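Q: Please take a close look at the helix packing in this model. How do the packed helices cross, and which residues make the contacts?

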Amino acid sequence: MNQKTSDLHSKNENNDDITEAIPLVRADIVNTIIVQFEKQGINMTDALLHANISREMLLDSSNMIVNGSVRSIFGKVYQDEGIFAFVQAVVHTQRTQLIPHFVKTLSKNLTVREVLTKFNLLIRESIPVASQYLEVDENSAWFCSAMQHKEINDWQEIFNVLYCVELIRSLTNNDAWRPKTVALTQSRTGQFAQNIPIDIQVLFSQKHTKISVDLELLDQQINTHYPEPAVKEIVWHSTFTDTLYTALMPYVHEQTLDIELAAKLLNMSTRSLQRKLLQEKNSFRAIKNSLMFNTACDLMNQNLSLTQISIQLGYADIAHFSRAFKRFSGITPKRYQVLLSGVR
């Protein structure tokens with residue numbers, strides 16, 4: 001992935017400065033769920049035609065599918081086959097493929113809190129459209145979904161709630177875990193709401209979909225049966241700057257994202273790293289600022305609040321994040337959000 005550039009320093013504050021990110025999902029992840037639908041006897045031909053997606057597109061893991069097409073496929077299956085067939089396929093795929101694929105990449109040094117707080121950044125290579133965040137106060141914790149769409153279909157809410165539940169079960173190695181409370185955007189008459197177990201409290205017509213998480217779980221280290229993941233091999237690009245930018249992307253949420261970490265990732269001394277960047281008329285600070293800025297813009301495109309974004313990027317508070325954003329771009333993140341809403 002090449003380093004993005006921003007001309008916000010020198011341009012006037014107008015809508016032309018902002019390009020809205022298109023939500024994407026990796027093709028092989030979509031294909032995994034489609035294969036499970038077909039194993040259950042569901043013919044996916046019409047759904048794929050309806051979304052204008054070919055089989056060939058789904059077989060290449062380097063392809064990214066526009067989220068609108070994914071919504072079209074799953075929405076048609078839900079409409080044609082009903083809630084029970086949909087839930088059966090989704091739960092099986094989440095348990096056996098999607099969640100294990102993600103959890104295997106996590107260091108065992110992480111706590112449940114850290115995974116839920118940084119979820120969007122940890123999973124961004126597979127599902128850049130993810131918009132989850134952890135909300136905690138003295139008495140409660142919620143894992144929330146900030147979906148971008150004005151209309152949230154029942155199947156989307158079902159998928160999100162099931163994923164969140166299965167994720168926490170996997171992180172805690174407890175298949176029996178369930179939330180005490182589920183908040184839904186749908187009304188009391190929704191199909192999903194009517195089929196949630198009676199011992200779980202359900203809140204209806206809420207602004208966001210979310211599930212409660214036990215406070216005592218948050219600071220436990222994740223407990224999975226997968227081995228510690230191997231260090232990722234660095235993919236070298238045409239310029240050293242692009243290589244470093246790409247190598248640092250998975251660590252953008254780390255508070256210790258410094259030049260020492262960068263040198264360690266590339267297996268070189270800090271002096272050599274600085275020299276190579278200088279040869280390309282660049283610096284570590286400029287790359288880090290660009291990475292933070294671009295990631296912040298991506299998260300704002302996903303409808304997350306500035307507080308949630310500052311937490312995910314490891315800033316002490318929203319004031320520190322706002323100052324860093326303005327220092328790099330020339331405008332405040334709040335102003336950026338105003339401009340962004342103008343092009344939607």
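A: What follows treats two helix pairs in turn.

The model is predicted. Two packed helices are described by the angle between their axes and the distance between the axes.

Start with H1, residues 27-39, and H4, residues 67-81. Their axes lie 12 Å apart. The packing angle is about 15°. Angles under 35 degrees count as roughly parallel, so H1 and H4 are roughly parallel to each other. The crossing of H1 past H4 is left-handed.

Now the side of H1 that meets H4. H1 contributes Val30, Ile33, Ile34 and Phe37. From H4 come Val70, Ile73, Phe74 and Val77. By class, this contact of H1 with H4 has eight nonpolar residues. It has no polar and no charged residues.

Next, H11 and H14. H11 covers residues 240-248, and H14 covers residues 284-301. Their axes come within 10 Å. They cross at roughly 50°. That angle makes H11 oblique to H14. H11 passes H14 in a right-handed crossing.

Here H11 supplies Thr241, Leu244, Tyr245 and Leu248. H14 supplies Phe284, Ile287, Ser290, Leu291 and Asn294. By class, the contact of H11 with H14 has six nonpolar and three polar residues. Charged residues are absent from it.

Set side by side, the pairs read as follows. H1 and H4 are roughly parallel, with a left-handed crossing. H11 is oblique to H14, with a right-handed crossing. The H1 contact with H4 has no polar residues, whereas the H11 contact with H14 has three.

How values were computed
Residues numbered from 1 in each chain as written. Predicted model: local features only at pLDDT ≥ 70, side-chain atom pairs only at ≥ 80, totals over all residues. Heavy atoms only, no water. Axes fitted to C-alpha atoms, helices over the stretch in contact; angles between N-to-C directions. Helix = DSSP H or I, 4+ residues; strand = E, 2+ residues; numbered from the N terminus. Parallel < 35°, antiparallel > 145°, perpendicular 65-115°, else oblique. Left-handed = near helix turned anticlockwise from the far one by under 90°. Contact = heavy atoms within 4.5 Å. Nonpolar A, V, L, I, M, F, W, Y, C, P; charged D, E, K, R; others polar.
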